[in-house]
Amino acid sequence: MKNAEVLLSGSGITKVFGYGKQKKTAVQDVSFSFHEGEIISIVGESGSGKTTLAKILMGLLKETGGEILYRGKPRQLKRHKERKRYWKDIQAIFQDPFSSFNVFHMVEKLLIDCIKLQGLKLTKEEQVLRMKEACSFVNLKFEELHNKYPFELSGGQMQRLMIARIFMLHPKILIADEPTSMIDACSRSTILDMLLKLRRENNMTIIFITHDVGLAYYVSDTIYIMEKGRIVESGPAEDVILRPRHRYTRQLISDVPKIHEAWDLAQP
Amino acid sequence: MSQNMLHIVRDPVPAPGRNILEVKELKTYYKTRLKEKVHAVDGVSFELEEGRTLGIAGESGCGKSTLALSLMGFYFPPLFYQSGSIVINGTDIMTLGKEQLRKRILGREIAYIPQAAMNALNPTLKIIRFIEDIMKEHRPHLSKSQVREMAAERFETLNLSPDVLNAYPNELSGGMKQRTVIAISTILNPKVLVADEPTSALDVTSQKAVIRLLKELIAKKFIQSLVFITHELPLLYHVTDDIMIMYAGQIVEKGTAQQMIFDPYHPYTKRLMGSIIVPEAGMKEHRLEAIPGAPPNLKNKIEGCRFADRCTFAREECQCGTIENRVIGERVYRCLFDPITLKEWYANEER
């Protein structure tokens, strides 16, 4: 993984909300480098600054300090046109599939918007072909879905449709912010497998944000552990999970129920 | 994740006692706007013994939450009761009127924590007011100061700070709110607590605190039995004695936690166990099994095994008739084939 090109890197990133007495540091002095085709997990409990960091990476929030380089150059995000260009390369899937969709638009419209966003001029047949291809990638049937509204779909189907969108746009980087926390264990494995497939087939860089170390261990190459806005431990998934060094990492691992080890419920 | 790693890592299962909850052939349905009936719980029977805990698992839409609502007698449209009996501590709740049910059963015999329990608190009231409210109905002779004293004592025994009583819900974190709701709903020492996904909206650290609280409630005899509904199987393995798997409104398999996780009989249970993700060595090489297809539509009458369409082992005979439960000792499962045949198939598949 180290030989691959560094796609996104940051040094000393800090985000402060409010000022004076209300000042709250959500992300503090975070440095990272994400390589092409790598799956990175950012793990931490609620309020540790994971989502804030993701929003900064997406360009939805402006960092207070530090520097982010995309392909070795600072990002241009001042104008809407520039942001739109950046978002062709970086896309996200969010936690709540139910609020990620426009409730007034049918599935077909959602997928056609993806084609429009790429600025492609296609005939009707080509459009349908593309949409069918994307739906079959996520094991959905376009014929059954195209005239449905989001409320007619289940959580798992919606999340899969979000992945179909990503497949059509094929961005360089995908930020998946707790994509599986609102769906059941069974659909969860389907979603995770699809993320792995996206990486395998499109060499996509995936930034996976979760509070569950088990999921992080399963999908990722590199894990960053975040506590109160700081990265406390990072490294290859095997090293971090099987040989944790930091106290907080050990605590996170012990908080997850396992099936071949006893679960210590004692107060930390 | 091999079978030979099988060893006891959870607490021993308590000795059998008398049944505290008996459900027989329970059928409930939802009525849609188009007057169609969706049979969400379709012939569920099980017993729960005093002092034991039962976990219910299954994918979304399999009827877990509807079963929980039905157990409580919460039949409000569009949910309707069709047939079957629910006996809680010797009383058949279906024979009671609404008023009787509320006064005699709810909170005293059986308590319920809904899925989004932490949003159930009225934001304009202090926590103590919820407890005063319960006491006004069930222990009218107690004065306000006595109630406060009692509540503070209970919170202290459960390792919750008594200061919480004077806080408004929005001053508490998600995990804290969830624990507070559990403490409030068990204040009358109900025999059975039905917890519907109490931890699925929380992160792993708060989840552990909630589980610790539930274990404490059982250990200190504030509740006798627990019905825990979730889709996280590793969690059930550590929390409950027995696990029951539901699929399309029916129970497909029931057994002790140890049996269900390491030695599943039913093909559906086997597939579910394949979707477990834990941070243990060997997990990365383990291939997750996703179940293709979707559960059947419960509006229609279903012939044969409900899982047949998605089952890789399905034969022609699975598609017709009704599949009866097979009982082997304490275990129950709903499949045409015997465990030896099924195990052979599973072994072949792994090869």
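Modeller: Two strands pair if DSSP finds at least two bridges between them; strands are DSSP runs of E with at least two residues, helices runs of H or I with at least four, and both are numbered from the N terminus. The model is predicted, so local features need pLDDT of at least 70 and side-chain atom pairs count only at pLDDT 80 or more, while totals for chains, interfaces and linings use all residues. Residues are numbered from 1 along each chain as its sequence is written, and chains are lettered from A and ligands numbered from 1 in the order in which they are written.

Colleague: Which residue does A:M226 stand opposite in strand 10 of chain A?

Modeller: Strand 9 (residues 222–227) of chain A pairs with strand 10 of chain A in the antiparallel sense, over six bridges. In strand 10 of chain A, the residue facing A:M226 is A:I231.

Colleague: Which strands of chain A stand at the edges, each with a single partner strand?

Modeller: The open sheet of chain A has six strands in the order 6-7-8-3-9-10, with mixed pairing. Two of these strands have a single partner each, so one side of each lacks a neighbour in the sheet; they are strand 6 (90–93) and strand 10 (230–236).

Colleague: Which residue does A:I42 stand opposite in strand 9 of chain A?

Modeller: Strand 3 of chain A is joined to strand 8 of chain A by five bridges and runs parallel to it, with A:I39 opposite A:I206. With strand 9 of chain A, strand 3 of chain A pairs in the parallel sense over four bridges. There, A:I42 stands opposite A:Y224.

Colleague: Is A:F32 buried or exposed?

Modeller: A:F32 is found in strand 2 (residues 24–35) of chain A. Leaving aside neighbours within four places in sequence, A:F32 is in contact (C-beta atoms, placed from the backbone, within 7 Å) with A:S9, A:G10 and A:Y224. Because 20 other C-beta atoms lie within 10 Å, A:F32 is buried.

Colleague: How are helix 3 and helix 4 of chain A placed, roughly parallel or roughly perpendicular?

Modeller: The axes of helix 3 (residues 107–117) and helix 4 (residues 124–137) of chain A come within 10 Å and cross at roughly 110°. Angles under 35 degrees count as roughly parallel, over 145 as roughly antiparallel, 65 to 115 as roughly perpendicular and the rest as oblique. Helix 3 of chain A is therefore, to helix 4 of chain A, roughly perpendicular.

Colleague: Which residues of helix 4 of chain A make the contact with helix 3 of chain A?

Modeller: Helix 3 of chain A contributes A:L111, A:I112 and A:I115. From helix 4 of chain A come A:Q127, A:R130, A:M131 and A:A134.

Colleague: Which strands of chain B stand at the edges, each with a single partner strand?

Modeller: Chain B has an open sheet of eight strands in the order 6-7-8-3-9-10-12-11, with mixed pairing. One side of each edge strand is left without a neighbour in the sheet, because each has a single partner; these are strand 6 (110–113) and strand 11 (326–328).

Colleague: What is the bridge partner of B:G55 in strand 9 of chain B?

Modeller: Strand 3 (residues 53–57) and strand 9 (residues 242–247) of chain B run parallel and are joined by four bridges. The partner of B:G55 in strand 9 of chain B is B:I243.

Colleague: How far apart in space are B:V252 and B:H266, C-alpha to C-alpha?

Modeller: B:V252 lies in strand 10 (residues 250–256) of chain B and is buried, with 27 other C-beta atoms within 10 Å. Its contacts beyond four places in sequence include B:I245, B:H266 and B:R334. B:V252 and B:H266 are 14 residues apart in sequence, and their C-alpha atoms are separated by 7.1 Å.

Colleague: Which helix of chain A gives the most to the side of chain A that touches chain B?

Modeller: The contact takes 33 residues from chain A and 33 residues from chain B. Helix 7 (185–202), helix 8 (213–219), helix 9 (237–242) and helix 10 (247–255) of chain A each supply at least two residues of that side of chain A. With seven residues, the one that gives the most is helix 7 of chain A.

Methods:
A residue is buried if 20 or more other C-beta atoms lie within 10 Å of its own, exposed if 12 or fewer, and partly exposed in between; C-beta atoms are placed from the backbone. Two residues are in contact if their C-beta atoms, placed from the backbone, lie within 7 Å. Axes are lines fitted to C-alpha atoms, for helices over the stretch in contact, and angles run from 0 to 180 degrees between N-to-C directions.
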